[in-house]
Amino acid sequence: MADNDVAVAERTARTSGRVKRPGDRFFEIFSTASATLITVLVAAIGIFLLAQALPPLMRNDGGVLGFFTYGGPWQTADLDAMQFGIPNLFFSTVTISIIALIIAMPVALGVALFLSNYCPQRLVRPLGTLVDMLAAVPSIVYGLWGAQVLGPKLGKFYEWVNSWGGDFFLFATYQNSPPFSTARNVMTGGIVLAIMILPIIAATAREIFVQTPPGQIESALALGATRWEVIRMTVIPFGLSGFIAGSMLGLGRALGETMALYMAVAPANDFRGSLFDGGTTFATAIANAAAEFNNPVSAGAYIAAGLVLFLLTFVVNSIARAIVNKK
């Protein structure tokens with residue numbers, strides 16, 4: 001009887017956490033160290049960017065305030081007359097990313113719903129793999145395709161839109177806008193980015209949609225609902241937060257894209273709000289200025305832009321995580 005009491009006491013102590021097996025203790029230490037390492041790395045990147053950005057910001061004409069308000073061409077070669085700011089970079093980056101999101105979200109939703117509800121079971125895996133492979137294509141290949149194929153093919157369409165909508169700022173062209181023969185403009189860049197982020201959104205949404213409780217689906221079917229009514233009343237409401245979170249992750253991916261936009265969108269110093277104009281994003285501005293990085297102060301100006309991009313991406317990904325956790 002006493003042995004049984006001892007065994008029960010040991011099991012109770014083990015399950016209550018007072019006694020830990022070596023494997024449990026090792027896993028706890030390993031997981032805690034991994035989480036701490038990631039946090040330290042992210043904090044170290046932020047501190048490095050801030051430390052490198054402060055010296056040029058102090059030299060900037062207008063100081064830190066000028067960095068957030070000046071919208072003209074960057075002058076960073078002359079260290080005694082530095083003048084740079086992020087409004088053009090910010091609005092170009094956000095505009096191209098929003099275009100990509102507007103295009104990619106409905107397509108990704110359709111793909112996810114088809115693969116999770118309509119597609120024959122034997123085709124789900126190969127078609128899902130085909131969609132996922134879009135994420136494996138190098139960004140430079142997307143950039144080449146956008147600059148050499150997509151842009152010229154859409155040039156006539158852009159020209160037709162401009163012929164009747166050119167007075168509206170979204171479809172206006174200017175003296176230094178990219179020609180329609182190449183169409184290396186904001187709209188082309190948004191389409192390229194949409195294709196790049198589509199598999200991220202589709203894969204996330206599909207994983208959520210397939211987890212819809214079968215009981216809800218069967219109940220709706222038993223009440224006489226059609227397949228679309230089942231999807232509208234059960235699948236989409238259940239997976240809506242996952243779809244939105246996947247879209248935010250795709251947006252975070254789009255905000256930091258470099259090589260595809262470097263090739264598909266012509267650089268421009270001014271942001272004028274037109275879809276048919278060129279544009280310079282945070283990432284492409286840094287890539288274009290690689291020759292100036294031999295001077296740490298000049299490089300620090302672009303690191304300051306990278307710090308803003310880092311914070312912007314961090315905020316977007318945090319929003320996505322909050323949406324998932326809330327659900």
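1. Is Thr188 buried or exposed? In this predicted model, Thr188 has a relative accessible area of 0%. Because buried means under 20%, Thr188 counts as buried.

2. Staying with Thr188, you will find this residue in helix 7, which spans residues 186-209. Its side chain reaches the backbone oxygen of Ala183 at 2.7 Å.

3. For orientation, an unreviewed UniProt entry annotates residues 90-320 as "domain: ABC transmembrane type-1". In the model, that span is 73% helix and 0% strand, and its end C-alpha atoms lie 20 Å apart.

4. Do look at the largest pocket, with a volume of about 290 Å³. It is lined by 17 residues, of which Trp74, Leu89, Asn269, Thr280 and Ala285 are the closest to its centre. Helix 4 (87-118) and helix 11 (282-288) each give at least two residues to the lining. By class, the lining of the largest pocket has nine nonpolar residues, seven polar and one charged.

5. The second largest pocket holds about 170 Å³ of space. Two elements give two or more residues to its lining, helix 9 (227-255) and helix 12 (296-326). Helix 12 provides the largest share, six residues. Among the lining residues are Thr204, Ala245, Phe314 and Arg321. The lining of the second largest pocket divides into five nonpolar, four polar and one charged.

Notes: Residues numbered from 1 in each chain as written. Predicted model: local features only at pLDDT ≥ 70, side-chain atom pairs only at ≥ 80, totals over all residues. Heavy atoms only, no water. Helix = DSSP H or I, 4+ residues; strand = E, 2+ residues; numbered from the N terminus. Buried < 20%, exposed > 50% of the residue type's maximum accessible area, 1.4 Å probe, protein only. Polar contact = N/O pair within 3.5 Å; in protein donor to acceptor, adjacent residues only side chain to side chain. UniProt positions renumbered as here; feature names shortened; annotations may be inferred. 1 Å grid on protein atoms, 1.4 Å probe; cavity = no way out; pocket = protein on both sides within 12 Å on 5 of 7 lines; lining within 4 Å. Points joined across faces, edges and corners; volume = space filled by probe spheres on them. Nonpolar A, V, L, I, M, F, W, Y, C, P; charged D, E, K, R; others polar.
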